[in-house]
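Please open the model in a viewer and keep the selection tool at hand.

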Number of protein chains: 2
Amino acid sequence: MAQLTCTYVRPLEGITVVVDLDEMKITKYYDRFTVPMPKVDGIEYQASKQKPPYGPRVNGVMVAQPDGPGFQIDGHMIRWANWNFHLGFDIRAGPIISLASIYDLEKDTFRRVLYRGFVSEMFIPYMDPTEEWYYKTFFDIGESGFGLCAVPLEPMTDCPANAVFMDGYLAGQNGKPFKISNVFCIFEKNAGDVMWRHTETGIIGQEIREVRPEVSLIVRMVSTVANYDYIVDWEFKQSGSIKVGVGLTGVLEVKAAPYTHTDQIKEDPYATLLADYTLGPYHDHFLTYHLDLDVDGDENSFVKDKLVTKRVTDHSSLRKSYWTVARETAKTESDAKTKLGIEPVELLVINPNKKTKIGNHVGYRLIPGSLASPLLSDDDYPQIRAEFTKYHVWVTPYNKSEKWAGGEYVDRSRGDDTLAIWSARNRDIENKDIVLWYTLGFHHVPYQEDFPIMPTLSGGFELRPANFFDSNPVLKTRIPKVAHWPNCTST
Amino acid sequence: MAQLTCTYVRPLEGITVVVDLDEMKITKYYDRFTVPMPKVDGIEYQASKQKPPYGPRVNGVMVAQPDGPGFQIDGHMIRWANWNFHLGFDIRAGPIISLASIYDLEKDTFRRVLYRGFVSEMFIPYMDPTEEWYYKTFFDIGESGFGLCAVPLEPMTDCPANAVFMDGYLAGQNGKPFKISNVFCIFEKNAGDVMWRHTETGIIGQEIREVRPEVSLIVRMVSTVANYDYIVDWEFKQSGSIKVGVGLTGVLEVKAAPYTHTDQIKEDPYATLLADYTLGPYHDHFLTYHLDLDVDGDENSFVKDKLVTKRVTDHSSLRKSYWTVARETAKTESDAKTKLGIEPVELLVINPNKKTKIGNHVGYRLIPGSLASPLLSDDDYPQIRAEFTKYHVWVTPYNKSEKWAGGEYVDRSRGDDTLAIWSARNRDIENKDIVLWYTLGFHHVPYQEDFPIMPTLSGGFELRPANFFDSNPVLKTRIPKVAHWPNCTST
């Protein structure tokens, strides 16, 4: 055991133990079958134990800020560029972003965007129906806690050289507080992207070129929930966008089997053969976000701008068709539930009481990403408990008891206290304080590259201003000065 | 006119001029109506002409490589980390990536991934059927040329401080060569992402944490096709992924109208009111990529791994359902055509003649992004010419004449020489040298934030190894050394 790097990649398969926790007794012991334990070869991932040949090496690429970070942290309030927000640490959700407001240069005031946003639940059902695996349908937020499983972030690897770290405090099981050091990192990101640009080539005798490079702010937490490591990012852009990212990495939950070659597999293994005696069962990851947007105030509406094809039938045009926008305002929760990917639609949270100078309702748009829908049957017990994953989008009126999409007590959930149940009341949501729930997902068919550790697979979504500002809010952003190092000579 | 920054944002509306190019005469002149010309206020975007208040300012965030770039350029061959590829510059496509191969540490050899990849066509139909606008259904690659419209890249803004630039040469209309300086930049990107990580928390008495930061290589070109600026990125990851990105920015093509407030609009304007007298018409952007994958050799097959729900009917499990993978190999072009977003599916190009040690076919997976389908009617002339956008994915057998999805001579296309027509022959594609065509798209409803210049909207897709390697190819990547500046003292 001293050699063991990882407890997940060498499973003993076939044994089930049932314990009566009241009696503290083993009441049942099944040993259904024997299969070889997966081999130890190739599962070592510690740098100190690697032997040549080594993987590709690249020259150092570091981020430098000679003038220091451009943000201020005052307690848990963070101020950067045109953004202000509060960063909380929660035992269940991990990071909670609240009171996020953006400065409007024209109006000379901060305007509220997001009252509160966090990961509300994550559902990870495995697709192996056998005795030893059928129950593996995890609810990582409600059962394990993203905050409780957060790990200290390592400077220079988990976060770049210019990151600033923040500790988190939790109540332990004995009631005493304990600290997770460096639970968050906050850093300005310069990925070499372009905020906006244009080359004007149409004016004879001159070429006008204007480019503004993109620098954004990232808030990061990593939660290691048993075998998986989740990298949870909130990114704030000067243009007003909030991008939410999630990276999946860590160790696969594997299953032992007697196979050393796919030719030996005669029945559905519910899995990919990854290595000798090692299967990677199929599974999903669904992350449901609670997004209590307050777009320029707390009375908001949810609208679907459907893109609909129109036929030109009166021969008024040489075109036969075009598309236009048909706006539908969701009056009740039932109107708001949306499965995406079928019909083209723009989803917005607007403030019906506020308009831009020229009359458009101020709004924020959800640009979805990482779409996946559950494939379990509706009547399957795990799916009854996770019915909130059935739609990509739900909208509810704010209710302080409706924070956790899978219910308050998820361990014991029978699916009777979930977002799907609350929403079935079909409450009014027009011009109210509303919460947008978005579920992103990944169907995970493991590949051999994912073994023993998985290169990060990323997804996310964007909240982007949509007629929130009267015009491009970063038009008047100046070109950044080239940063120079003090006390250096060129070589 | 001396004050003019941009020729696109102050249109004279209502006038149509028809010219007979043989006679060099104006044959028709319509002046259908008069509307005010959009105002000049707020359209200036040159930094030198801005007045306070300025946009948000952030501290400098620069990328530094004290040891210099980690790649070598030998003519047009680029070598970096475990990748080798050729970067060509084409008047029509812009960048052409070819002969991309990745070094396999276990096999001690380079293995081919992509024989040739490039943007084959881009289709941008506007949704205004009126006399002055109906014909605006641009094919930017075939009509304008992404290479011909490429602009010199500006150090420190278009590309970060560590970028290396490459010139491009084209044949001018008079037959003489001309140079576009700095048409490409190549740089190593460190966005603060994580290549892979795991914290092992399950071993009593010790915590093992291993993290490898992500550094990738970007090849970038920017093409300013009239009003729009397209940022075209090819990203190579050490894990074997090739990510293709496109950023849309630049100036909207706007239309003059008599409105200063949305309340005045009584009929469908086919557009968003963006400013006084200024409409932003609805439109699409479809980019079709030609991806001649050669996965470990040139005889490949295209497979769809469909995720299908299975019911448990024999009471063998407490589960009622699960999903599993049903592989379908596309035998002909017709089998391969795919509309995405409807059914869950993994799309792979595999080499049916090569297997991993444990028997999986070596392959690469397409992870789609930025999905959009055309909304024009099939019988509409622009859509007949752009029928290749009807499916997100097509697969054809390699044919040297089939490079340009919209046909060889797009200006005069009647839709009889397109990918859709070639593919209608329904040729065999199993175990052949095949080409994967992927179309990404954006339905663009303009918002006021997009005026006068649009903050970058990004999309893309990923080609990711899928049982190409026997295990994680970056497991043995060492932790990078911290880069130190020479000749510096700390302050």
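With which side chain does the side chain of Arg212(B) make a polar contact? Select Glu210(B): its side chain is the partner, at 2.9 Å. A polar contact here is a pair of N or O atoms within 3.5 Å; within protein, one must be able to donate a hydrogen and the other to accept it, and residues adjacent in sequence count only if both atoms are side-chain atoms.

Before going further, note that this is a predicted model, in which local features need pLDDT of at least 70, side-chain atom pairs count only at pLDDT 80 or more, and totals for chains, interfaces and linings use all residues. Residues are numbered from 1 along each chain as its sequence is written, chains are lettered from A and ligands numbered from 1 in the order in which they are written, and side-chain values use heavy atoms, with hydrogens and water left out.

**Around Arg212(B)**

Arg212(B) belongs to strand E13 (residues 208–213) of chain B; strands (E, at least two residues) and helices (H or I, at least four) are DSSP runs, numbered from the N terminus. Arg212(B) counts as buried because its relative accessibility is 1%, where buried means under 20% relative accessible area, exposed over 50%, and partly exposed in between (1.4 Å probe, protein chains only). Display its contacts (heavy atoms within 4.5 Å): beyond neighbours within four places in sequence, they include Tyr45(A), Gln46(A) and Ala47(A) from chain A, and Trp196(B) and Arg478(B) from chain B.

**The interface**

Next, colour the two chains separately. The contact takes 171 residues from chain A and 171 residues from chain B. Between them the chains bury about 14900 Å², 54% of it on carbon and sulfur atoms; this is the accessible area (1.4 Å probe) that two parts lose on being put together, summed over both. On the chain A side, select Arg319(A), Trp323(A) and Ile358(A), which lose the most area to chain B, together 6% of what that side buries.

**Tyr228(A)**

Move to Tyr228(A), in strand E15 (residues 228–237) of chain A. An unreviewed UniProt entry annotates Tyr228(A) as "modified residue: 2',4',5'-topaquinone"; UniProt positions are given in the numbering used here, feature names are shortened, and annotations may be inferred rather than shown by experiment. Tyr228(A) is buried, with a relative accessible area of 3%. Leaving out residues up to four places away in sequence, Tyr228(A) touches His283(A), His285(A), His444(A) and Met454(A), among others.

**A sheet in chain B**

Now show chain B as a cartoon. An open sheet of 10 strands, with antiparallel pairing, has the order E10-E11-E14-E15-E16-E27-E24-E23-E21-E22. Its edge strands, each pairing on one side only, are E10 (164–171) and E22 (321–329). Two strands pair if DSSP finds at least two bridges between them. Zoom in on E15 (residues 228–236) and E16 (residues 242–251) of chain B, which 9 bridges join. Within this pair, Val232(B) has Val246(B) as its bridge partner in E16(B).

**Backbone exceptions**

Most residues other than glycine have a negative phi, and most peptide bonds are trans. In chain A, select the cis peptide bond between Pro52(A) and Pro53(A), with omega about 0°, and that between Phe451(A) and Pro452(A), with omega about -5°. In chain B, Tyr270(B) has a positive phi of about 55° and lies in the loop between E17 and E18. Finish at Ser370(B), where phi is positive, near 50°.
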